[in-house]
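Please examine the sequence and the structure below before reading the report.

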Amino acid sequence: MAEEARNPNLISKQAMAAMSSTSGTAGETVHEIFTKINNAKDKPAKIAILKQFDNQAMRMLLKAAFDPKVKFDLPEGNPPYIKNEAPAGTEHTSLASEARKLYHFVVGGNNTINKLKKETMFIQMLEGLQEKDAEVLMAVKNKNLNNIYKGLTSNLVKETFNWNDDFNRIDTK
């Protein structure tokens with residue numbers, strides 16, 4: 001029997017299986033990464049996880065969460081928002097991609113928009129995120145991330161990224 005004709009533009013079953021089994025940051029939400037840190041047994045394991053998922057967005061989130069000089073220009077507590085109940089992996093924006101917009105909500109970050117607009121934008125951001133990542137963002141804003149994810153502390157972050165107490169990189173020349 002002749003071999004079944006296959007469209008050359010389609011990916012093979014083997015390639016599809018290989019792609020789905022590869023590890024990396026593409027499928028991990030920030031909440032999932034922080035949960036891994038929470039569940040890690042010791043400090044070296046926590047540091048290894050942070051280094052594995054190190055990127056600019058992760059550093060922005062962690063600096064915003066732990067640097068006492070970063071103050072959010074938003075009301076205290078959690079804003080009223082509608083949780084995004086779409087299944088994980090569908091119809092969500094990524095907290096990693098939204099992190100680049102955090103400057104809008106920080107004192108001195110974007111003074112061209114008024115407080116009401118900032119609050120509206122923040123609520124819209126929360127509503128677009130997967131529910132657990134929205135909770136992460138609120139914990140970052142409220143500076144209580146380490147209350148949710150045990151072991152994820154400012155000291156761990158500073159040690160991992162070689163930051164000083166001002167959350168700036170220490171030159172190792």
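The report below treats the overall fold, the surface and the aromatic rings.

## Basis of the model

This is a predicted model, in which local features need pLDDT of at least 70 and side-chain atom pairs count only at pLDDT 80 or more, whereas totals for chains, interfaces and linings use all residues. Residues are numbered from 1 along each chain as its sequence is written, and side-chain values use heavy atoms, with hydrogens and water left out.

## Overall fold

The chain contains nine helices and zero strands; helices are DSSP runs (H or I) of at least four residues, strands (E) of at least two, numbered from the N terminus. Along the sequence, the pattern is α-α-α-α-α-α-α-α-α.

Contact means heavy atoms within 4.5 Å. Of the contacts in the chain with a separation of 6 or more, 71% join residues 24 or more positions apart.

## Burial and surface

The chain has 173 residues, of which 35% are buried (under 20% relative accessible area, with a 1.4 Å probe and protein chains only). The chain exposes about 11,000 Å², and carbon and sulfur atoms supply 52% of this area, by the Shrake-Rupley method with a 1.4 Å probe.

## Aromatic rings

Rings of Phe, Tyr and Trp (its six-membered ring) pair if their centres lie within 6.5 Å; planes under 30 degrees apart count as stacked, over 60 as edge-to-face and the rest as tilted. By this rule there are four aromatic pairs. One of them is tilted, because the planes of F161 and W163 lie at 40 degrees, with the ring centres 5.1 Å apart.

W163 also pairs with F167 in an edge-to-face arrangement, at 6.0 Å centre to centre and 65 degrees between the planes. F161 and W163 are buried, and F167 is buried as well. F161, W163 and F167 form one aromatic cluster.

How values were computed: Buried < 20%, exposed > 50% of the residue type's maximum accessible area, 1.4 Å probe, protein only.
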